[in-house]
Amino acid sequence: MLELRHVEKIVGRDTHVHATSLALERGSLNVLLGPTLSGKTSLMRLMAGLDTPTAGSVWFDGKDVTGVRVQDRGVAMVYQQFINYPALTVYENIASPMRIKGADKATIDREVRKAAELLKLTPYLDRTPLNLSGGQQQRTALARAIVKNASLVLLDEPLANLDYKLREELRLELPKIFAASGAIFVYATTEPSEALLLGGNTATMSEGRITQFGRTIDVYRRPNDLLTARTFADPPLNAMDVVKRNGQFTAGDRPLLAVPPHLSQLADGPCTIAFHPHHLSLSSQAPGSAPLQARTAISEIAGSESFVHIEFEGSRWVMLSPGIHDIEPDALITVHVDTRHLMAFGMDGRALGAPVAMAA
Amino acid sequence: MDKTWNNKAWFMVLPVLLLVAFSAVIPLMTVVNYSVQDTFGNNQFFWAGTDWFTQVLDSARFWDSLVRNLAFSAVILAIQIPLGIFIALNMPRHGLGVPVCLIFMALPLLIPWNVVGTIWQLLCRADIGLVGWGLTQLGFPFAYAADPVDAWVTIVVMDVWHWTSLVVLLCYAGLVSIPEAYYQAAKIDGASRLAVFRYIQLPKMKRVLLIAILLRFMDSFMIYTEPFVVTGGGPGSSTTFLSIDLVKMAVGQFDLGPAAAMSIVYFLIVLLLSWIFYTVMTQGDQA
C-alpha cells in the first residue's frame, strides 16, 4: 500500500501540491483526473520519489520511504512524450532496466520476449525507436515499465500524444496488461471520459489539491462539490444559480423547473443546480424532463454527435445531442432538461443533493 | 494532372541567382581561367592546359603543406570536440549562471581573427609576453619563433581558445533541447551518469555534433589569419599551411597559374573531406 501523509510541495513561492493525504491499495488502478497544471505530475513525482516533499511523508507497505532514492524504490514511469533510449534497439530498450539490475542473460531474453509479445512489438525488436510509429514507441516505453516488475507504476498521460484510434486500442489493453502484476497503478489524465473508461478509483485534482477520491463511478455520480463535478465533466458542466422556493427552482422570480423528487429535501433558498450536457436534449422522451426556452449560439458536429451551445437566462450551456443536427444560430428552441440527473450545490460549492444511482 | 507553370517565378529567384553568381560563381570561374592559362601581364594569356595542376601535384611543397593541414585539423578536432562536449555538459541549465556562461563562451567568437592572432603573439613572446616570458622564467624555454613545436603549441592553444566556444554553444543547444523526462526516466531506471551520457545525451546531440565537427573541420583546414599573424608560417615552413602557401605563391611570387590550380585542388579537397565526414556521420540514420 502506498500512503501519502500530508505531503506538500512548495517550490519558491508556488505551492505545487497542497497538504495531501492519500492511500492507494496494491493491485488497484487509480486515476488522477484534472486539468493541466492541477498538480497531477507534481503529485506523481512525489509518489515516485523524484521529488522530496516539502512537508509530510510517503509510506510504502508500512515503511517510511520519504528519503529513499527513486532508483531504490521499485517505481516505473511512462510519460506523455515517448521516452526511450534513442540509439538502442527496441530489444535493448526493453532490456535496459534489467541490465542495470544485473539480471542474467537468459532471464532478460525471456522477459523481453514476453513483454514484446504482450505489447505486439515482436516484429520490431531490432529497430531503433525513431523508426517506429508513435504507438509503437509508447508500447516500447510500456514494455520497459512491465519488465521492471515495479510495485508502483506511474502513467503520466501516456496516451495524450497518440492518435485517436491507437489511444482507444491501448486504453482497452492497459488495464489488462498490468492486471497480473499486482502493482499499484496511477494514471494521470485530463480527460473525464478516460477516467470513466478505465474505471478503478479516481482522485479529481484542482489547483494542487485532491478534491475527492473514491471509486470512479461514485466520484462521477456523487461529486462532493461543484469543483469536482466541473473537473469530472467534458463537455463542461452546465450550471446555474437559482433559488429554491415552493417546490420550484426560480431565477429572478420566474419559476424555471419543478424540484425533482431526489432534491425535495433541500431547504428553500439560493443554490446552484448543475447537470451534464447529455442530460439536455431536443426531445422530451425521458421521464422527468422539463422544457426550457433557450437561444442557440453555435452548433458543432463531432462525429455522430452534435454540441449545441445555447444561452439560457444569461448562462452559457452545452447540449450534447446524439445525431447530426443542423441548427440555426441565434434561434429560439425548446430544450429539455432531464431533472432526474440534476445535482444541487450550496453557495459554498458543497453538494446538497445528487441524483439517485441510475445509469449515468 | 498537368502542372501549371508560372514563369514569373523565375523573377523571384533572380536576385539570389545574381548574388550567388557575383559572390561565388564568377570569382571561381576566374580562378578556373587562371589555372589553365599562363600570363605575363598585359592581359595576354596562353593556354597551359593541365600543366599547372601537374606542377602543383608534383611539388613536395604542396604535399608537405597538405600533411600539415591534415595534422592540424586532426589535432584541433581531437581537442575541441571532447573539450566542447565536456564544458557543455557542465554548464548550468537554470538561473543566473546561464547568461553569464553564455556571454563568456561567446566572447572569443566575437574577436576578429587577426586580433586573436595579435593577442596570442604578444602573449607568447619570449621577451615581453606573459606566457612566453613566464614559461621561460619557470625553466621551460618557450620561443614560438624559433622552435617548431612551440610554434605548433601556440597555434593549437590559440585555436582552442578561439573556437572551442562554438562547439560548446552547439552542444549546449543540443543538450537543453532534451526533455527533462529523459533524465527522469534514466533516474528511475537507476542509470549511471556515464550511461545517461552514452545512451541519451550523445545520441540526442548527434546532429549538432555533426554540424560542429563539419564547421570546425572546414575552418581549421582553411586556417590562415592566425598563424599568418603569429608565426607567418615559420619557423622555417613548420606552420606553413596550404592557405599560407597559396598566398605566398599568388601574392608573394605572383605565380598566378600554379596558385589558381592549387586553389582548385584545395577547394576540392575540402569539399571531398566534408562530404566524407557527412556521409560517415549520417550513415546510421537510414533504416
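How many salt bridges does the rule find across the interface of chain B and chain A? The rule finds 1, where a salt bridge is a side-chain nitrogen of Lys or Arg within 4 Å of a carboxyl oxygen of Asp or Glu. A:Arg144 pairs with B:Asp189, and their closest N and O atoms are 3.3 Å apart.

This is a predicted model, in which local features need pLDDT of at least 70 and side-chain atom pairs count only at pLDDT 80 or more, while totals for chains, interfaces and linings use all residues. Residues are numbered from 1 along each chain as its sequence is written, chains are lettered from A and ligands numbered from 1 in the order in which they are written, and side-chain values use heavy atoms, with hydrogens and water left out.

Start with confidence. The complex receives an ipTM of 0.72 and a pTM of 0.75 from the predictor. For chain B the mean pLDDT (the predictor's confidence in each residue, from 0 to 100) is 85. In that chain, 97% of residues reach 70 or more. Helices (H or I, at least four residues) and strands (E, at least two) are DSSP runs, numbered from the N terminus. Confidence in chain B is highest in helix H3 (residues 60-89), at a mean of 91. It is lowest in strand S2 (residues 45-47) of chain B, at 77.

Now return to the interface. Here 16 residues of chain B are in contact (heavy atoms within 4.5 Å) with 22 residues of chain A. The two chains bury about 1700 Å² between them, 64% of it on carbon and sulfur atoms. Buried area is the accessible area (1.4 Å probe) that two parts lose on being put together, summed over both. B:Gln184, B:Ile188 and B:Asp189 supply 39% of the area that chain B buries against chain A, more than any other three residues. B:Asp189 is also the salt-bridge partner of A:Arg144.

Which helices of chain B each supply at least two residues of the side that touches chain A? They are H8 (180-189) and H9 (193-221). H8 of chain B gives the most, with 8 residues.

An unreviewed UniProt entry lists residues 66-277 of chain B as "domain: ABC transmembrane type-1". Over residues 66-277, chain B is 78% helix and 0% strand.

Chain A has two backbone details. Most residues other than glycine have a negative phi, and most peptide bonds are trans. A cis peptide bond joins A:Asp234 and A:Pro235. A:Glu207 has a positive phi of about 45°.

Note on methods: UniProt positions are given in the numbering used here, feature names are shortened, and annotations may be inferred rather than shown by experiment.
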